[in-house]
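This briefing goes through a model of two protein chains and the places where their parts touch. Please look over the sequence and structure, then read the notes below.

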Amino acid sequence: MKKLSTFTSILAITAGAAVAEGELNIYNWSDYIAEDTIANFEAATGISVNYDVYDSNEILEAKMLTGSSGYDLVVPSIEFLARQAKAGVFSPIDKEALSNYGNLDPVILNIVALNDPDNTFGVPYTMFTTGIGYNVTKVASRIEADQIGSWDMVFDPKTAAKLADCGVAVLDSPSEMIAPALNYLGLDPNSEDTDDLEQAVALMQSVRPHIRYFHSSQYINDLANGDICVAVGYSGDVLQARDRAAEAGQGVEVAYAIPTEGGQVGFDMLAIPDDAPNPENALAFINYILEPEVAAAITNYVYYANPNTLATEFVDEEVASDPGIYPSAEISAHLFSLKPHSARYDRSLTRAWTTIKTGQ
Amino acid sequence: MNRAPDIESKLPAGQFIGRILNRFGFRGRGLVIAIPTLWLLVFFLIPFLVVAKISLSEAAIARPPYLPIWEWSDGFLSFSFNFGNYMFLFEDPLYLSAYMESVKIAGVATIIALLLGYPMAYLIARSAPNTRNLLLMLVILPFWTSFLLRVYAWIGFLKSNGIINNFLMSMGVIDEPFVMLQTDFAVYVGIVYTYLPFMILPLYANLVKLDPSYLEAASDLGARPIVSFFTVTLPLSMSGIIAGCMLVFIPAVGEFVVPALLGGPDTLMIGSILWNEFFSNRDWPIASAVAIVMLFVLVVPIMLLRRAQAAEQEAAS
């Protein structure tokens, strides 16, 4: 049995990313880094980077809990980092090795420390909100003006029905769809109460016939091409879709709204798996990301705010003044953040999500 | 002086190795059987047992994400099998309907593939040898491109802002785009398109062997072509039909890529459910139980396929 497990672990290692000196294997969200960040890092350090992408926290968690992923650096959202850290899948961050750690905004470090005590396992990478991306012309011709930018577009069956023909997409993530549904019902988005969950499920089921698909990244291209007209999505992703649509010049205009009823604010964290083959290179990369110009370049490209206080002066004026990227104080008051789920609630939640998705 | 080593050194390498193996009690027959047996053991039986083991455990937030099914403490080896995963599959109607739906989609797609594939295979088998090779080449040619890319190409055809809708709208046939992508229709198109060659090839192999003198005899006895097709050609090609249908049906039941890329939320196929259990729900034990049940659902058609193959071999000998 021992021999067999050694054999399978060899298989697992060779099946994962390559292990060698001077390499770094990064697993990050899709469309989540500037075009030249990796190339610049490689030129500056001589480390060669293998870069893979995913589009949901659940998929990342599946890989982390499998183990031997071969990745040196991953980017879970804070509430998922907290859960996985309990399963012991991350190495503590060696802050002494990060000369740029002091550039991080202490306010944001304190917020994420609520879920990651003493900021042990994660370094904040970006801040995002979850809201609604929409096709301006198609939506305006179908629903009332005061409903645009409201969760009604997704959660009110009558309104969603009017939008169904031009295509409504939602995230394929139970945690990030049930929380706004609870919030829309006037309940606590972090509630683990069974009755609350049932109400949220009933709400989702009432609008499900009008949902074109459940997917967490496809909406970027589909919004930009005019293949769908409404998507629940991440702020920066929708704003990237807006730019792609403008570049394509096909007359598609995309806008992003943090819904008036409030939306989720979240943080994605740089973390190092405990079985990372090249943890020093991962630290070198984190330190590189913490340089103000590098962090600003990423924000300017992906439209996600960064937690780097020194980076702000390098962020483009139009990015810094975009309320979709840096929400105003008034909007921020309506934002909520997610807490890690208990194992028990997580199971009811994923079961409920399967029921919603499959329409059974 | 012993000259034996010299003789051996002049033997071809293969025979030399054979002799050495013989000396240690290995025989050719044993070796020939041992290699595929070992292959099946390492790549089929052991993974199957691993999956079966996980299907009896309990999910947990840990690495790996399930609890062990045996425990050794104070000299006691205790097992705890969790059959709850299987019971859950039967309690929740989702899984039964997903199995039924997969079988339905695969079945309908198989019938469509048969209706499309039979005339094609017939035409290829009846054409002149040179044309025949060219036509066969055309059937096989798509395999030179990745399956994933070919399915992706269908997205470009079927989407709201895609080639078909744009063409129809520019011709003035329709005003608003047809919603074709993310529907069951797109899944049927994808599956039939993907598996059609697996229908055509065994049918062709069967039809090309059909002796034309049977048809001549039928015609001499007064049968019209349509009658001789249904009384002679069709029954004789039955083993080809079964082989083709099984080659399409079996992989189509567990198909994941086509429903994932072309299907919508209403497309309920067991391949997608399996992916969902594993990646979205991170529930390995349930995912394993689904996989094990799927294996048993597929055993029946596989048995049918083997029977058809055996019948064909008998007919050939």
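Between chain B and chain A there are nine salt bridges, a salt bridge being a side-chain nitrogen of Lys or Arg within 4 Å of a carboxyl oxygen of Asp or Glu. One of the salt bridges pairs Asp283(B) with Arg351(A), and the closest N and O atoms there are 3.0 Å apart. This is a predicted model in which local features need pLDDT of at least 70 and side-chain atom pairs count only at pLDDT 80 or more, while totals for chains, interfaces and linings use all residues. Residues are numbered from 1 along each chain as its sequence is written, chains are lettered from A and ligands numbered from 1 in the order in which they are written, and side-chain values use heavy atoms, with hydrogens and water left out.

**Chain B against chain A**

- The interface has 15 residue pairs in polar contact, both residues at pLDDT 80 or more. A polar contact is a pair of N or O atoms within 3.5 Å; within protein, one must be able to donate a hydrogen and the other to accept it, and residues adjacent in sequence count only if both atoms are side-chain atoms.
- On the side of chain B that touches chain A, helix H5 (93-126), helix H14 (270-280) and helix H15 (284-316) of chain B each supply at least two residues. H14(B) gives the most, with seven residues. Helices (H or I, at least four residues) and strands (E, at least two) are DSSP runs, numbered from the N terminus.
- This side of chain B divides into 17 nonpolar, seven polar and seven charged residues. Here Ala, Val, Leu, Ile, Met, Phe, Trp, Tyr, Cys and Pro count as nonpolar, Asp, Glu, Lys and Arg as charged, and the others, Gly among them, as polar.
- Contact (heavy atoms within 4.5 Å) joins 31 residues of chain B to 34 residues of chain A.
- About 3,000 Å² is buried between the two chains, with carbon and sulfur atoms giving 52% of it. Ile61(B), Arg63(B) and Arg282(B) supply 28% of the area that chain B buries against chain A, more than any other three residues. Buried area is the accessible area (1.4 Å probe) that two parts lose on being put together, summed over both.

**Two domains of chain A**

- Chain A is assigned domain 1 (2-127 + 267-326) and domain 2 (129-265 + 336-358), with bounds from an automatic or database domain assignment.
- The contact between them takes 21 residues from domain 1 of chain A and 29 residues from domain 2 of chain A.
- Taken over C-alpha atoms, the centres of these two domains are 26 Å apart.
- The two domains bury about 1,900 Å² between them, 48% of it on carbon and sulfur atoms.
- Three salt bridges are counted between the domains of chain A. Arg244(A) forms a salt bridge with Asp31(A), with 2.9 Å between the closest N and O atoms.

**Backbone details**

- Arg63(B) and Pro64(B) are joined by a cis peptide bond, with omega about -10°. Pro64(B) lies in the loop between helix H3 (28-55) and strand S1 (70-73) of chain B.
- Ser68(A), a residue other than glycine, has a positive phi near 50°. Most residues other than glycine have a negative phi, and most peptide bonds are trans.
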